[in-house]
Amino acid sequence: MLRFNDIADQIESYNPSADLDLLEKAYVFSAKVHQGQVRRSGEPYLIHPLEVAGILTKMKLDVAAVATGLLHDTIEDTLTTFEEIKEHFGDEIAHLVDGVTKISQINFQTREEQQAENFRKMVLAMVKDIKVILIKLADRLHNMRTLHYLDSQKQREIAQETIEIFAPIANRLGIDWIKTELEELAFRYLEPQACRELSKKVAKTKKERERYVDEVKGIITKKLDELGIRGEVTGRVKQLFSIYKKMKRQGVEFHDVYDITAFRIIVGSIKECYEALGIIHSLWPPVPGKFDDYIALPKGNMYQSLHTTVIGPYGERIEIQIRTWEIHMIAEEGIAAHWKYKESGKFDEKDAKRFSWLRQLLEWQMDLEDSQEFLQTVKVDLFPTEVYVFTPNGEVKEFPKGATPVDFAYSIHTDVGHQCVRAKVNSRLVPLNYQLKNGDAVEIITSAKHHPSRDWLKFVKTPRAKTKILQWIKGQQREKSISLGRDLCERDFKKFGLKYSKYWKAGDFEKTAQEFSLTNGEELLASIGYGKITTQQVIGRLAPEKIRIDDKKTAEGGLEKVIKRISSRQKGLVKIDGIDDVLMSFAGCCNPLPGDKIVGFITRGRGVTIHTADCLNALAADPRRRIEAQWALDGDTTFPTRIRIYSADKKGMLATMSSSISGNGVNIIGAQIRTTGDGNAESTFDIEIGNLKQLKKILHALQNIDGVMKVERIREWQGPVGP
């Protein structure tokens, strides 16, 4: 068990002037408020904050951070308040403790929503002081080390969150040892059987591997000595999770993973790094395509090293990393190796570049109102980038694999992205959906009259580009909704003998907006345009004498009563957010079928429109109009669905395809066939389908017909095909 004296000794070893009195005060306070509390293991709760503080000293953090480690659960798990922490320990520690405290007082509908809100709060806190996330990582690391005391369901939930969020954050911060341990621990609970089997296989070859490592180390060390390069050579078997990822990625078994042994050479200078690389390649042939120069082109977290894979002794592949001592310290400790910020709370220019992604997080959390959308955006960004390209000025920019010139444009500036019309790569014009490659030089051509296209959402890869495009589209929708709301008010006010402009100029819409918890009159008009608020609800507040009692009750009844007023209804198809008997229509842009994940959107005068959950129109729509929807069918309902078949143009093909469709109990309601002039044909069928499972069965049957090359479902539906 870790003791307070161990923590004090550790912090004094790297910071002799540390305020140990403050640290001891935090320890005593934590012990007092946690007295009587125990963990799931049955141990005193105080063990946890002590262990967290110990991890923080391993990162060589300052007294304020280590003290926060001792106090980090006091607000959440005891009766201690923020004001008490501030009174006893000052502003900095109080805000650090608050930053890592979960939002336990708010009642969320789902665990996902709570996770998203917790992460949003943590992002806000860590942008102010990066130590917040370091403390949170230490807290998560100790919780993962003791995860075996929880039930299996909780183990999986926490492990999944760890591998999706906290391990990637540790990687982004460059703290390799924490990232590696979090991944290994999460792997143990997410894939327990695979972890056990892999562990046994690695253990079987342990002695053989150790002999091999010693032999290779000896060869490299001798060669370095001969050429006067002083360096340290280490070797090890890769981590289990790293091996497992490679097996899954390559689709191979353990015995087919050749480079599970990794070596590291640490030398005195960058010049010697390249000299050592030359030595390695003179000893053993390099594997083509397996060399990366992260010294010249650092990774997103500014990680640097030379990576090469060679065919080593006995024909075995081995991976070798080469770096300097300074680079090694940064690679292992990440931000913990940069303590210039600890006194001023700010980064110098180099460090600011290293952690510029934190500013991106802050930007996204302000742009995205939906916390779960924000969390998904961050998850995408946390994974390592793979493509490095150059700006016209020679600056290196990094992007995820598959990124396009539009992603590049938005990385420069929002306006450059919005106004992007063409792109040049290596001085040649390319399509905007061109996928960038390592070493490309990219130039964006803009026009002030141009604006984003919804189609861009189909190919952009970076969260920034997607966020900015969606934001622009939503802004355009809002302007249209304000205009529509104004037109509706002018029309309906006139019906009741009222003059809309009189109420607008008098400021009555501003007051009424507040009654609907909206910020101003334009927001009220937008809500009317969206279909969220009716004109009768507004008239009922501005001129109640004009509205009949029955109509006023309906107007005051909220969304459910407004929707239930509509006379034309389709029953039994979809359940809308717990409301039955709702007017609905199915979106022609995505043509949802039972089995597709769906979502509803409130529209003006048409009740609710149902989209597939992944429909780009649905993703771009205002989240305030979105409501939960799920299928609720009686089993006898069919939906018009369009399929397209590309086949050879030969005799009897149409009859065979029609027979295959009809033979599966599906009715054909329209058909259109055309030849393509190259001996092939394109056939479009409109059919009546009960659900997604039935459609997949039809597509599979058609695909197996001799002469059929491709079968696809067509999402858009704009009426039947044929004459």
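**View 1. The largest cavity of the predicted model and its lining**. About 30 Å³ of space lies in the largest cavity, a cavity being a set of points on a 1 Å grid over the protein atoms alone where a 1.4 Å probe fits but cannot get out, with its volume taken as the space filled by probe spheres set on the points. The count comes to 1 cavity of 30 Å³ or more. Met 302, Tyr 303, Gln 304, Ile 327, Ile 330 and Ala 331 line the largest cavity, where lining residues have an atom within 4 Å of a point; they divide into 5 nonpolar, 1 polar and no charged.

**View 2. Lys 397 in strand β7**. Lys 397 lies in strand β7, residues 396-399 (a strand is a DSSP run of E of at least two residues, numbered from the N terminus). Lys 397 counts as buried because its relative accessible area is 17% (buried means under 20%, exposed over 50%, partly exposed in between, with a 1.4 Å probe and protein chains only). Leaving aside neighbours within four places in sequence, Lys 397 is in contact (heavy atoms within 4.5 Å) with Val 387, Tyr 388, Val 389, Thr 391, Phe 408, Ser 411 and Ile 412.

**View 3. Cys 589 and the sulfur of Cys 615**. The structure holds 0 disulfides, a disulfide being a pair of cysteine sulfur atoms within 2.5 Å. Cys 589 is in no disulfide, and the nearest cysteine sulfur, that of Cys 615, is 3.6 Å away. Cys 589 counts as partly exposed because its relative accessibility is 27%.

**Notes.** Residues are numbered from 1 along each chain as its sequence is written, and side-chain values use heavy atoms, with hydrogens and water left out. In this predicted model, local features need pLDDT of at least 70 and side-chain atom pairs count only at pLDDT 80 or more, whereas totals for chains, interfaces and linings use all residues.

Conventions:
Helix = DSSP H or I, 4+ residues; strand = E, 2+ residues; numbered from the N terminus. 1 Å grid on protein atoms, 1.4 Å probe; cavity = no way out; pocket = protein on both sides within 12 Å on 5 of 7 lines; lining within 4 Å. Nonpolar A, V, L, I, M, F, W, Y, C, P; charged D, E, K, R; others polar.
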